[in-house]
Amino acid sequence: MSLLPELRYPTVPELVSSARALAVGHPGLCALREVGVSREGRPLHLLSVGRARRTVLVVAGAHANEPAGGPTLLALAERVLYERALRDGTSWHFLLCADPDGASLHITPAPRSLLDYHRGFYRPAGPEQPEWSPSVLPPDRLPPETRTLTGLIDELRPYLQVTLHGTDLGGSWVQLTKDIPGLAEPFAKSAAELHIPVETGASDAAGWPASGPGVHVLPTRESGVAYPSMPDDARHSTWFHAHRYGGLTAVVEVPMWASDLVDDVAPHPAPAAALHRLAERLLRDTLEVERVLADALPRLEGVDGPLLRAAKWVLELVPGLAADWMHTTPADDSMAYVGSVDAFARRLPLRAAAMLLRVLRETDDRAAPRLERLVVDWSDSFAARFHARWVPLEHQIEHQSRTVVAAALHARARTA
């Protein structure tokens, strides 16, 4: 964990530069164009390979703190260029970064540890996330990044949209808005070859049926949700926009640090009691951050940047989520699921503390040292509890790339 990763995550300008070089070097097959502008005026770029009417859309950078998608996207573009079979009747389109404003604020391109990762952490509040904003905002208030993404789906009508995501610590899993028969086998094979655990009980997919280990299929609209308090619902996100054209969305998650505690399918001896304890710890940890915020707020009058908004938004999620864990039947009774919830319960107060700490440092606030201790202690205990081990960046990229290609080929067979 202390070793510097072999590669580093590229910035958005570096992604654009690499994509432009591909387009210049292959003018007959590649094109790079600007397809939108962010809230702060940053361009959104689309790299296209091939001109066939049947399309795949691959999206990177929907969450600012999940940087593996960018280099994966470039690796995929190069693979499609050089493997003619992947272009057989199919054009590929790559949105280089769905949220360039957010990417400019998450500043850990080469983290040595979870602490380094959190020192530069940023993840926007839900209403400011391009994929999730439709689930929490009315149509007339959607951010321009969301309108760009849905406009691309309307233009391209992809049979498959893939959005590249990542987790800080855990395993790999896939979320599907419709099943892709046959995907689970190549996904699991790739993860095994690259020593990446499969997160069989991912809390992000709590209550979703599985078509194979780590491959989760979104329940129907008639089904309930595992966490009723959560304000967002995948069924109202941009993931579902492809359905109006007969397509589907695959979300491919890959970890920065792996933990072998998230793929244990054995039954937990007392899952409800365990979730109750995790909820209590979540409330205690969150209260510590809230106390620092309450102390600092009078001195932060007039401060309303994205870091502070995001920190407050995370804190607001906690009471409802803790109540869900305490008072509803666990969505899964496996050791893996309880471990995933444990990680979730650690992430929320840690992320809120990390973003608030950046605000306090910028204002040279006297409460910063107190919050610094929390971020250090929680980052270290998170890594220690889960025996975190770094996943080489080239393995993150390779696993995501393989999974995207397998999804495209199997989904194409499904729609042929």
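Start with the pair α7 and α10, whose crossing is left-handed (the near helix is turned anticlockwise from the far one by less than a right angle; clockwise would be right-handed). This is a predicted model, where local features need pLDDT of at least 70 and side-chain atom pairs pLDDT 80 or more, while totals for chains, interfaces and linings use all residues. Residues are numbered from 1 along each chain as its sequence is written, and side-chain values use heavy atoms, without hydrogens and water.

Select 271-296 for α7 and 368-385 for α10: the two helices pack at about 155°, axes 10 Å apart. That makes them roughly antiparallel (over 145 degrees). Helices here are DSSP runs of H or I, at least four residues, and strands are E runs of at least two.

Now show side chains. On α7, pick D285, E288, V289, R291 and V292; they meet R370, L371, L374 and W378 of α10 (heavy atoms within 4.5 Å). By class, this contact has five nonpolar, four charged and no polar residues (Asp, Glu, Lys and Arg are charged; Ala, Val, Leu, Ile, Met, Phe, Trp, Tyr, Cys and Pro nonpolar; the others, Gly among them, polar).

Next, the second largest pocket: select P10, T11, V12, A103 and S104, which lie nearest its centre among 28 lining residues. A pocket is an open set of points on a 1 Å grid where a 1.4 Å probe fits, with protein on both sides within 12 Å along at least five of seven lines; lining residues have an atom within 4 Å of a point. Which element gives the most to this lining? Colour α1: it supplies four residues.

Notes:
Axes fitted to C-alpha atoms, helices over the stretch in contact; angles between N-to-C directions. Parallel < 35°, antiparallel > 145°, perpendicular 65-115°, else oblique.
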